[in-house]
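Here are my notes on the model, written for someone meeting it for the first time. Please read them with the structure open.

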Amino acid sequence: MNTQQLKTMLEEMWIDYLALNPDALAIHQLIKERNPHVVNDHIALRTFNLGKVDLKQISRPFINAGYHARGEYSFPKKHLYAQHFEHNDPNLPKIFISQLLTENLDQSNQKLIHNLIEQIPKEILTTKHFSYSGRHWNLTYKQYQQLLKQSEYAAWLAAFGFRPNHFTILINALHSHHRIETLNQFLKEHGYALNSAGGEIKGSAEEYLEQSSTLANKVMLSFDDQEAEIPGCYYEFAKRYPLPEGGLYQGFIAASADKIFESTDSR
Ligand code: NI
C-alpha cells in the first residue's frame, strides 16, 4: 500500500468513526477554528484474540503500509493485550490495537464469541479495510447484556464489530491550549463530559504522557430482538513530554489506558 492509499484508508476510518461519534466532529471543529493544524496522535482499534481476527491480522494492512510494532501492553484485570504501531513518517498517527484474551472469559461467553467470529464471511477477512468494516454477525440485546456482565470491552466489540474506537488530538500541536488542564476546562465549558475514572487526567509529566477523554456518545443500535441505546466511541486528548535523550515519548502507559478503556462503559 502506498502513502496515498494509506491516507485514504485513515480518512475512511475517520468518517466511520464520526458516524458513531458526532461529538468528535463538533469538538474537532471547535479546535480547528482556533488552530492552524489539528494532529491525530493515534487511532485505537479493538479485536478478539482469535486466529482469523486477532491483533496480528488487524495489524497486517498497517504493516504493509509501512507501520512497525513498537510497545506492548498488558491489562490483566480487563483480560486485554495491546501493541502500538508507528510509521516512519512521524506525521502519520500511531495505531493502537488491543485484543481480548477470549479464553479468560467464562465458557458461555467464550462460546458466544466463537459463534460471532464463525459468522464473518471469509472474503471480508483479507480486505485491507477489515479493521473498520463493522459487525458481521447477528446479536441480540440479551447476548450483549450477557457479555456486558463480564466484559464491557467484549460487549462493545460484539455490538459494533471492527471500527475505530477513538481518535486522539495531540495537544503538543495546538496553539490554543498547551496544558491538558486548560483543554479539559475548555471542553467542559462547551458542554462535553469527560471520563473521570481514575481522575480526568491519566498519567503525568513524569511518565511523559498525560491523557484525557470524553465519555462515549450514546448510540441507538439495532439488535436482532430490539433497539437499545448503548455507549459508542469517544475522543481522546494526549500531551506528550520530551524524553531525557531527546524527542517526545511515543509510547503509552498501561495504567492510564486501563482507565481510558472505561470511557465506553455503560453506567
Ligand atoms: Ni488512546
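1. Just after helix α8, G191 has a positive phi of about 90 degrees. Helices here are DSSP runs of H or I with at least four residues, strands are runs of E with at least two, and both are numbered from the N terminus. This is a predicted model, in which local features need pLDDT of at least 70 and side-chain atom pairs count only at pLDDT 80 or more, while totals for chains, interfaces and linings use all residues. Residues are numbered from 1 along each chain as its sequence is written, and side-chain values use heavy atoms, with hydrogens and water left out.

2. Helix α8 itself covers residues 180-189, and its buried residues are I180, L183, N184, F186 and L187. Buried means under 20% relative accessible area, exposed means over 50%, and partly exposed is in between (1.4 Å probe, protein chains only). Viewed down the axis of α8, these buried residues fall within an arc of 160 degrees, so they line one face of the helix. The arc is taken from the directions that run from the helix axis to the C-beta atoms. An α-helix has 3.6 residues a turn, so residues three or four places apart point the same way. The cover over the buried residues of α8 includes α2 (22-32), β7 (209-213) and β10.

3. What does N184 touch in this part of the model? N184 lies in helix α8 and is buried, with a relative accessible area of 2%. Leaving aside neighbours within four places in sequence, N184 is in contact with L194, E200, I201 and S212. Contact means heavy atoms within 4.5 Å.

4. Helix α6 (residues 141-150) can be read in a similar way. Its buried residues are Y141, Y144 and L147. They cover an arc of only 120 degrees around the axis, which puts them on the same side of α6. K142 and K149 are exposed on the other side of α6. Among the elements covering the buried residues of α6 are α4 (107-118), α7 and β9 (227-231).

5. Next, the metal site. The protein donors of the nickel ion are H42 (NE2), H166 (NE2), E236 (OE) and E236 (OE), at 2.1 to 2.5 Å from the ion. Donors are N, O and S atoms within 2.8 Å of the metal (3.2 Å for Na, K and Ca), and water is not among the atoms, so sites may look incomplete. H42 lies in strand β1 (residues 40-48) and E236 in strand β10 (residues 234-240), so this pair ties together parts that are 194 residues apart in sequence. H42 is buried at 2% relative accessible area, and E236 is buried at 1%.

6. Why is the arrangement around the nickel ion irregular? The four donor atoms subtend angles of 52 to 124 degrees, which makes it so. Four donors count as tetrahedral if all angles lie between 85 and 135 degrees; four count as square planar and six as octahedral if opposite donors are over 155 degrees apart and all others between 65 and 115; anything else is irregular.

7. The whole structure holds 19 aromatic pairs. In one of them, the rings of Y153 and F261 have centres 5.8 Å apart and planes at 70 degrees, so the pair is edge-to-face. Rings of Phe, Tyr and Trp (its six-membered ring) pair if their centres lie within 6.5 Å; planes under 30 degrees apart count as stacked, over 60 as edge-to-face and the rest as tilted. Y153 is buried at 5% relative accessible area, as is F261 at 9%. Elsewhere, W14, Y17, F167, Y235 and F237 form one aromatic cluster.

8. L80 is in strand β3 (residues 80-87) and is buried, with a relative accessible area of 2%. Not counting residues up to four places away in sequence, the residues that L80 touches include Y153 and F261.

9. H79, in the loop between β2 (67-75) and β3, has a positive phi near 60 degrees and is partly exposed at 21% relative accessibility. Y208 has a positive phi near 70 degrees; Y208 is found in the loop between β6 (202-204) and β7.
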